[in-house]
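Subject: Structure handover

Hello,

Here is the structure I promised to pass on. Please open it and keep it beside you while you read the notes below.

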Amino acid sequence: MIYKIVKYGDPVLETKCEPVTNFGSPELKQFVEDMFETMYSAKGVGLAAPQVGVSERITVIDTSLGEDPAEKHVLINPEIVLKEGTQTGEEGCLSIPGFREDVTRAQKAVMRARNVDGETVEVVGEDLLARAMQHELDHLNGVLFLSHLSPLKRDLIRRKIKKLIKAGEW
Ligand code: NI
């Protein structure tokens, strides 16, 4: 099932998500499958549950866009246990379509999380994968990439989006 992706302006995107407890359940497995399907159909490299209206600490990431099964990551109740270096590069978000800005993130990140069965997994990422892990973890805390921009840039984008909402084009 492909979900409709929630866009900026919906309060679910700025709400801290709840930890997952139903590990191993058919519902959780199906939901994660549907998140991948939704992410691939939107051509994203990461997706967080609040982006489909579910306020739970679940993200999926695949920087290969479905090309390499080894790059398919399910990260539930994730935390970043190590960050190193910095990288600055263009970042976008499926919930803020049409806007991309430079964001500075750690160049390397180690994420510890659970898989659908509740087993602990650890993912070491650099460059795009590290960026995606930091971006998706932010989502679970109700934080959007706009928060990492200067107030001036952030307000400019917010005003543009408000106009689009008014015009019924968002
Ligand atoms: Ni995003």
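Tyr-3 is partly exposed, because its relative accessibility is 21% and the buried class ends under 20%. Please bear in mind that this is a predicted model.

Tyr-3 has an aromatic partner, Phe-31. The two ring centres are 5.7 Å apart and the planes meet at 75 degrees, so this pair is edge-to-face. It joins distant parts of the chain: Tyr-3 is in the segment before H1, Phe-31 is in helix H1, and 28 residues separate them. Phe-31 is buried, because its relative accessible area is 9%. A search of the whole structure gives three aromatic pairs.

Another of these pairs is Phe-36 with Tyr-40. Their rings are stacked, with 5.9 Å from centre to centre and 25 degrees between the planes. Both residues lie in helix H1, four residues apart, about one turn of the helix. An α-helix has 3.6 residues a turn, so residues three or four places apart point the same way. Tyr-40 is partly exposed, at 25%.

Now helix H1 itself. It covers residues 26-41, which makes 16 residues. From first C-alpha to last it reaches 22 Å, close to the 22 Å expected at 1.5 Å a residue. Its buried residues are Leu-28, Phe-31, Val-32, Asp-34, Met-35, Phe-36, Thr-38 and Met-39. What do they pack against? The partners are three strands: E1 (46-48), E2 (58-62) and E3 (72-84). Just after the helix, Lys-43 has a positive phi of about 60 degrees.

H1 also matters for the core count. The largest nonpolar core has 15 residues. Those with the most contacts inside it are Leu-28, Val-32, Met-35, Leu-47, Ile-58 and Val-60. H1 and E2 are the elements that give two or more residues to this core. H1 gives the most, with six residues. There is a second, separate core of 14 residues, and Ile-96, Phe-145, Leu-149 and Ile-157 are among them. In soluble globular proteins, nonpolar side chains tend to be buried together.

Take Leu-28 as a close-up. Leaving out residues up to four places away in sequence, Leu-28 touches Val-20, Asn-22, Phe-23, Ile-58, Ile-76 and Val-116.

Next, the metal site. Which residues coordinate the nickel ion? They are Cys-93 through SG, His-135 through NE2 and His-139 through NE2, at 2.1 to 2.2 Å. Along the chain the donors follow the spacing C-x41-H-x3-H. The two histidines, His-135 and His-139, both lie in helix H2 (residues 127-140). They are four residues apart, about one turn of that helix. Both His-135 and His-139 are buried.

Ser-95 counts as buried, because its relative accessibility is 0%. Beyond its neighbours within four places in sequence, Ser-95 contacts Ile-5, Val-6, Lys-7, Tyr-8, Leu-13, Gln-51 and Trp-170. Two of those contacts, Lys-7 and Trp-170, also meet each other: Lys-7 lies over the face of Trp-170, at 5.4 Å from the ring centre.

Last, some backbone angles. Most residues other than glycine have a negative phi, and most peptide bonds are trans. Leu-65 has a positive phi, near 55 degrees. Leu-65 is in the loop between E2 and E3, and it is partly exposed, with a relative accessible area of 45%. Asp-127 has a positive phi too, near 50 degrees. Asp-127 lies in helix H2 and counts as partly exposed, at 43% relative accessibility.

Best wishes

Definitions and conventions. Residues are numbered from 1 along each chain as its sequence is written. This is a predicted model: local features need pLDDT of at least 70, side-chain atom pairs count only at pLDDT 80 or more; totals for chains, interfaces and linings use all residues. Side-chain values use heavy atoms; hydrogens and water are left out. Buried means under 20% relative accessible area, exposed over 50%, partly exposed in between (1.4 Å probe, protein chains only). Contact means heavy atoms within 4.5 Å. The expected span of a helix is 1.5 Å times one less than its number of residues. Donors are N, O and S atoms within 2.8 Å of the metal (3.2 Å for Na, K and Ca); water is not among the atoms, so sites may look incomplete. A nonpolar core is a set of buried Ala, Val, Leu, Ile, Met, Phe, Trp, Tyr and Cys residues joined through side-chain atoms within 4.5 Å. Rings of Phe, Tyr and Trp (its six-membered ring) pair if their centres lie within 6.5 Å; planes under 30 degrees apart count as stacked, over 60 as edge-to-face and the rest as tilted. A charge sits over a ring if NZ of Lys or CZ of Arg is within 6 Å of the ring centre and within 35 degrees of the ring normal.
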